Amino acid sequence: MDSYDVLIIGGGGAGFTAAIYTSRAKLKTLLLEKLTPGGQIALTDVVENYPGFPEGVTGADISQRMEEQAKKYGTQIGYEEVTSIAKKGERFEAATNKGSHSAKAVILAAGASFRTLGVPREKELTGRGVSYCATCDGAFFKGKNIIVIGGGDSALQEGLFLTRFVNHLDVVHRRDQLRASPILQERARENSKIGFIWDTVVTAIEGDQKVKGVRLKNVKTGKERPYPTDGVFVFIGHDPSTGFLKNFVAFDDKGYVKTDERLRTSVLGVFAAGEVRSGAVKQLVSACGEGCEAALEAQAYLEQLELAAHTKGGGG
Ligand SMILES: Cc1cc2nc3c(=O)[nH]c(=O)nc-3n(C[C@H](O)[C@H](O)[C@H](O)COP(=O)(O)OP(=O)(O)OC[C@H]3O[C@@H](n4cnc5c(N)ncnc54)[C@H](O)[C@@H]3O)c2cc1C
């Protein structure tokens with residue numbers, strides 16, 4: 001089994017930033033990514049709120065550059081899915097779909113994934129009118145008519161934010177009342193740009209190169225109808241990618257990894273950064289910031305280990 005100073009699980013903004021820092025600190029670093037480099041940001045067309053790119057940067061470009069930068073400083077990258085992780089003696093061992101790896105410290109950066117509707121054309125039109133992030137994509141919908149799907153806090157909060165840009169938006173909700181907190185409900189009801197379509201689900205999204213409309217189905221009557229719209233914002237929840245961490249670290253009640261303010265998890269030597277972490281802000285720049293912080297904490301932890309081993313060995 002190969003052996004590293006630091007194992008980073010996840011190749012999104014948090015993981016690659018952590019890798020750049022640990023590799024530049026001359027720590028032998030392995031980053032494991034189950035899909036392609038970049039994580040969620042790779043799914044988006046243009047990123048306009050990442051500093052240093054006044055003209056914006058594509059998600060694909062930033063993903064490829066992050067990978068290049070980590071490789072340049074010596075990060076080893078394995079395209080493997082981690083299936084479990086455990087502490088064996090002084091080291092951590094991660095099992096993957098291709099083998100196993102061992103490391104002295106671990107940074108969990110496995111992110112999260114937003115829930116999708118699972119309807120026809122949703123995948124093809126993501127980034128072309130279908131969005132899961134108002135902060136990221138709201139400004140592309142100036143003066144447009146859109147729909148927001150969901151009935152919880154995030155649907156209303158993001159919907160209220162989107163009213164800064166759009167002409168009108170309809171909140172499409174499968175029930176006849178919202179789950180969101182009363183204050184958000186009040187604000188949304190008082191906002192003249194917001195309408196509500198109750199007891200309704202989206203059964204398909206329509207459009208070739210960009211969204212032209214959706215098909216709406218009333219769940220009480222079963223009746224379906226076409227509905228023209230320029231954009232579809234989906235806020236029906238996020239799930240952390242933590243299945244492989246069962247019985248390893250502590251989670252919050254939604255399944256995100258708990259850390260202290262220094263990004264230390266419940267297991268000594270294991271850190272968490274980015275969207276996998278409880279309380280994280282769901283933006284690329286903050287995921288990168290946390291990746292940096294976790295890397296510096298891992299570095300300090302390894303220095304302590306070294307010092308302790310040295311002292312134990314009588315080296316003073
Ligand atoms: C469509 C869209 C548009 C967005 N636009 C913007 C924007 O304009 N600006 C902005 O700031 N933010 C934007 N975001 C949010 C931003 O992408 C995320 O906040 C950021 O990517 C989180 O980074 P992360 O590293 O924490 O996690 P992620 O990006 O989720 O990366 C985690 C990685 O870990 C991998 N992984 C998971 N489990 C395993 C495993 N078991 N083994 C190995 N690998 C694993 C995943 O495949 C993934 O690549 C957008 C998000 C989406 C979905």
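In strand 16 of this predicted model, Tyr 227 is the bridge partner of Val 214. The pair belongs to strand 15 and strand 16 (residues 224–228), which are joined in the antiparallel sense by five bridges. Five residues lie between these strands in their hairpin. There, Gly 222 adopts a positive phi near 80°.

Strand 15 (residues 213–218) also pairs with strand 14 (residues 200–206). This pairing is antiparallel and has six bridges. Within it, Ala 204 has Arg 215 of strand 15 as its bridge partner. The hairpin of strand 14 and strand 15 has six residues between the strands. Gly 207 takes a positive phi in this hairpin, near 140°.

A parallel arrangement was found elsewhere. Strands pair through backbone hydrogen bonds, in either the parallel or the antiparallel sense. Five strands form an open sheet with parallel pairing, in the order 10-17-11-12-13. Strand 10 (130–131) and strand 13 (194–197) are the edge strands. Each has a single partner strand, so one side of each is left without a neighbour in the sheet. Strand 11 (residues 145–149) and strand 17 (residues 231–234) run parallel and are joined by four bridges. In strand 17, Gly 231 is the bridge partner of Ile 146.

At the level of domains, the protein chain is divided in two. Domain 1 is made of two segments, 2–114 + 238–312, and domain 2 spans 130–234. Their C-alpha centres are 34 Å apart. Contact between the domains involves four residues of domain 1 and four residues of domain 2. On the side of domain 1 that touches domain 2, one residue is nonpolar, two are polar and one is charged.

The packing of two further helices was examined. Helix 1 (residues 13–24) packs against helix 2 (residues 59–72) at an angle of about 20°. Their axes are 8 Å apart. Helix 1 and helix 2 are therefore roughly parallel to each other. Their crossing is left-handed. Helix 1 contributes Gly 13, Phe 16, Ala 19, Ile 20 and Ser 23 to the contact. Helix 2 contributes Met 66, Glu 67, Gln 69 and Ala 70. By class, this contact of helix 1 with helix 2 has five nonpolar, three polar and one charged residues.

Note on methods: Residues numbered from 1 in each chain as written. Predicted model: local features only at pLDDT ≥ 70, side-chain atom pairs only at ≥ 80, totals over all residues. Pairing = 2+ DSSP bridges. Helix = DSSP H or I, 4+ residues; strand = E, 2+ residues; numbered from the N terminus. Domains from an automatic or database assignment. Contact = placed C-beta atoms within 7 Å. Nonpolar A, V, L, I, M, F, W, Y, C, P; charged D, E, K, R; others polar. Axes fitted to C-alpha atoms, helices over the stretch in contact; angles between N-to-C directions. Parallel < 35°, antiparallel > 145°, perpendicular 65-115°, else oblique. Left-handed = near helix turned anticlockwise from the far one by under 90°.
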